[in-house]
Amino acid sequence: MLPTRRPRTGRARPGGRRRTSAPRTLSTELAALDWQLEGACRELNEELFFGPPQTIEQRTERAARIREAKRVCARCPVSQRCLGYALENEEEFGVWGGLSELERWELLAERRARRG
Ligand code: SF4
């Protein structure tokens with residue numbers, strides 16, 4: 001069974017930025033993502049978390065969608081692992097672990113600033 005949330009790190013990203021740690025086998029990759037099987041979003045449409053494809057959302061629609069996605073994350077048993085995964089892999093898009101891409105970007109920027 002495949003995870004519902006496709007790891008975005010498996011493909012090239014805009015700008016070609018991609019984690020290049022030691023090569024991992026497919027089974028290792030899937031095992032590292034097994035928490036997704038317990039995600040509260042498992043049966044939900046991915047668009048709630050990533051937005052509609054090929055469409056520019058209106059600001060109010062986007063805000064409402066993100067609020068709703070965060071409501072799902074708030075009752076998710078694996079939200080910490082999800083957020084950790086997204087931060088570790090610098091996921092650029094979507095709501096992960098209850099944080100939007102902008103919130104994660106700000107969190108990562110704060111961490112980097114603290115490290116100096
Ligand atoms: S925290 Fe949110 S995005 Fe992550 S698995 Fe749970 S419901 Fe899905």
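## Ground rules

The model is predicted: local features need pLDDT of at least 70, side-chain atom pairs count only at pLDDT 80 or more, and totals for chains, interfaces and linings use all residues. Residues are numbered from 1 along each chain as its sequence is written, and side-chain values use heavy atoms, with hydrogens and water left out.

## Overall fold

The chain has five helices and zero strands. Its pattern along the sequence is α-α-α-α-α. Helices (H or I, at least four residues) and strands (E, at least two) are DSSP runs, numbered from the N terminus.

The chain holds 116 residues, and 36% of them are buried. Buried means under 20% relative accessible area, exposed over 50%, and partly exposed in between (1.4 Å probe, protein chains only). The accessible surface comes to about 7900 Å², with 53% belonging to carbon and sulfur atoms. These areas come from the Shrake-Rupley method with a 1.4 Å probe; for residues, only the protein chains shown count as cover.

Now the contacts (heavy atoms within 4.5 Å). Take those between residues at least 6 apart in sequence: 62% join residues at least 24 apart.

## The nonpolar core

A nonpolar core is a set of buried Ala, Val, Leu, Ile, Met, Phe, Trp, Tyr and Cys residues joined through side-chain atoms within 4.5 Å. The largest one has 18 residues. Trp 35, Phe 49, Val 72, Val 95 and Trp 96 touch the most other members. The elements giving two or more residues to this core are α2 (47-50), α3 (59-74) and α4 (79-88). Helix α3 gives the most, with four residues.

An unreviewed UniProt entry lists Cys 41, Cys 73, Cys 76 and Cys 82 under "binding site". UniProt positions follow the numbering used here, feature names are shortened, and annotations may be inferred rather than shown by experiment. The four span 42 residues in sequence, yet no two of their C-alpha atoms are more than 11.0 Å apart, so they gather at one spot.

Cys 41 sits in the loop between α1 (26-32) and α2. Cys 41 is buried, at 12% relative accessible area. Cys 73 belongs to helix α3 and is also buried, at 10%. Setting aside residues up to four places away in sequence, Cys 73 touches Phe 49, Ser 79, Val 95, Gly 97 and Gly 98.

## A polar pair

Glu 57 lies in the loop between α2 and α3. Its side chain makes a polar contact with the side chain of Arg 65 (2.7 Å). A polar contact is a pair of N or O atoms within 3.5 Å; within protein, one must be able to donate a hydrogen and the other to accept it, and residues adjacent in sequence count only if both atoms are side-chain atoms.
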